[in-house]
Amino acid sequence: MVSINESRSVPARAEAALAETARPEGWSASGRWWRENLTGWLFILPALIGFIVFYFLPTIRAIEISLTDWNLMRAPKFVGLDNYVKLMGDPRFWQSVRITLLYVIYNIPLQTALGLLLAVLLDRLSKSVAVRAIVVAPYLLSNVVVALIFLWLLDPVLGVTNAFLNLVGIARQPFLTTPGLALISIVGINIWRHTGLIALLFYAGLQAIPKSLYEAAKIDGASEWRMFWHITLPLLRPVLVFIVVTSVIGSFQIFDTIAVATRGGPVNSTSAIIWYIYESAFRFSKMGYASAMSVLLFLVLIAVTLVQMRVLRADRSDLE
C-alpha cells in the first residue's frame, strides 16, 4: 500500500517531471533557431567574404582615391571634390555618357524583345534540351572571343559578312571603322551574345505560369494575342524586372567588346563611360579622376535600379 506522504508527493513529482520535460523542449527550440541561423550564415559566408573583399572594400577605396590627385608614380594628394568639379566641365566625359546612354537605348529594348520572342517560340514549338543548349551557346563564349570572331566577320576586306553583301550587290560596309556604324555594330554583337540567355530566363518564367489560366481564357474565346498581353506578359513581370535591371547594369558597364573591336574609336564614337574610365586610369595615369567617374557611375546605377524596380513594381506578383 502507498502511504499518505507518498501519495501527497505524487503531484509534486509529476509537476517536477513536467518541468523537466518542458525545459529541454524550450531549449531545443532556441537551439534549433541558433542552428538554423548558423547554417544560413555558413552557407552565405563564402559569398559574403567575396563581396566584402572584391566589392565593398574596393568601393570604399575608390571613394577614397576619388578625393585625391594620384598618378600611380607618387603619393596621392588630397584634393577634395576637385575631381568631381572637373567632371562637370569635361566634354569628353559627357560624350562618353551620351554614347553609353545610346548603347543602352539601342541594346535593351531590342535584346529583351528578341529574347521574349525566342522564349515564346521555344515554349510553343520546341521544348528540346538540345535546342535550348544551342540557343544559350553564344553566352557561354567570353566577350573577348565573341569580339574577335566578329572582328573577322565584319572586316571590310576579308570578312564573310561583306563578302555576302558584295555577292548580293550591296557595297562593302566598314562596320567597325565608321563612326555611324561602329556603335550599332557593337550593339549587334552583344545582342547576339546575350539574347540566348535572356530567352532561357523568359522560358523558365513561362514554365511557372499555370496552364489552367490559358485553358480558361480559351474557353472564354480569348485570342493568342490577348492571352499574351493579359496573361503571359503580366505574369512574367518578376522575370522581366530581373532581366531589365541586370541588362541595364551590364550595358552601362560595356567594355570588353569595345576594347577588342574598336578601342573606343573611330573618333571616340564607341568610347563608353567604362572605356573612358580605363583610359583615364591606365593611359593618362589619372587614378583619382577615374575613381571619381567610377563612384559617379556607381551612384547612377543605384538610382537607375531603384527607379526601374519602382516603375516595374518588383515587390508585387500577379500570381498572388
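Trainee: What does the secondary structure of the protein chain come to?
Mentor: It comes to 13 helices and two strands. Helices are DSSP runs of H or I with at least four residues, strands are runs of E with at least two, and both are numbered from the N terminus. This is a predicted model, where local features need pLDDT of at least 70 and side-chain atom pairs count only at pLDDT 80 or more, while totals for chains, interfaces and linings use all residues. Residues are numbered from 1 along each chain as its sequence is written, and side-chain values use heavy atoms, with hydrogens and water left out.

Trainee: How do you know that the length of helix α13 agrees with its number of residues?
Mentor: The expected span is 1.5 Å times one less than the number of residues. Helix α13 (residues 287-311) has 25 residues, so it should span 36 Å. Its end C-alpha atoms are 36 Å apart, which agrees. Just after α13, R313 takes a positive phi of about 55 degrees.

Trainee: Why is T305 called buried?
Mentor: Buried means under 20% relative accessible area, exposed means over 50%, and partly exposed lies in between (1.4 Å probe, protein chains only). T305 has a relative accessible area of 14%, so it counts as buried. T305 lies in helix α13. Its partners include V245 and I249, leaving out residues up to four places away in sequence; contact means heavy atoms within 4.5 Å.

Trainee: What makes α12 a mostly covered helix?
Mentor: Eight of its eleven residues are buried. Among them are W275, Y276 and S280. The cover over the buried residues of α12 includes α3, α10, α11 (256-261) and α13. After α12 comes S285, with a positive phi near 55 degrees.

Trainee: Which residues does I277 contact, leaving aside its neighbours within four places in sequence?
Mentor: I277 is in contact with A290, M293, S294 and L297.

Trainee: Which residues of the largest nonpolar core touch the most other members?
Mentor: L87, F93, F252, I273, I277, M293 and L297, out of 24 residues in that core. The elements giving two or more residues to this core are α1, α2 (82-88), α3, α10 (237-252), α12 and α13. The largest share, eight residues, comes from α13. A nonpolar core is a set of buried Ala, Val, Leu, Ile, Met, Phe, Trp, Tyr and Cys residues, joined through side-chain atoms within 4.5 Å.

Trainee: Why is the pair of E279 and R92 called a salt bridge?
Mentor: The rule asks for a side-chain nitrogen of Lys or Arg within 4 Å of a carboxyl oxygen of Asp or Glu. For E279 and R92 the N to O value is 2.5 Å, so the pair meets the rule. The pair links distant parts of the chain: E279 sits in helix α12 (residues 273-283), R92 in helix α3 (residues 91-125), and 187 residues separate them. Both E279 and R92 are buried.

Trainee: What makes R92, E279 and R283 a network?
Mentor: Salt bridges link R92, E279 and R283. E279 also pairs with R283, with the closest N and O atoms 2.9 Å apart. E279 and R283 both lie in helix α12, four residues apart, about one turn of the helix.

Trainee: How far apart are the closest N and O atoms of R61 and E64?
Mentor: They are 3.2 Å apart, and R61 forms a salt bridge with E64. R61 and E64 both lie in helix α1 (residues 4-66), three residues apart, about one turn of the helix. R61 has a relative accessible area of 37%, so it is partly exposed. E64, at 48%, is partly exposed. By the salt-bridge rule the count comes to five.

Trainee: Where does the UniProt annotation place a "transmembrane region"?
Mentor: The unreviewed UniProt entry covers residues 38-57, 101-122, 129-154, 174-192, 235-255 and 287-307. Its positions are given in the numbering used here, feature names are shortened, and annotations may be inferred rather than shown by experiment. In the model, residues 101-122 are 100% helix and 0% strand, with end C-alpha atoms 31 Å apart. Residues 235-255 are 81% helix and 0% strand, with end C-alpha atoms 33 Å apart.

Trainee: How much of the protein chain do buried residues make up?
Mentor: Buried residues make up 34% of the 320 residues.
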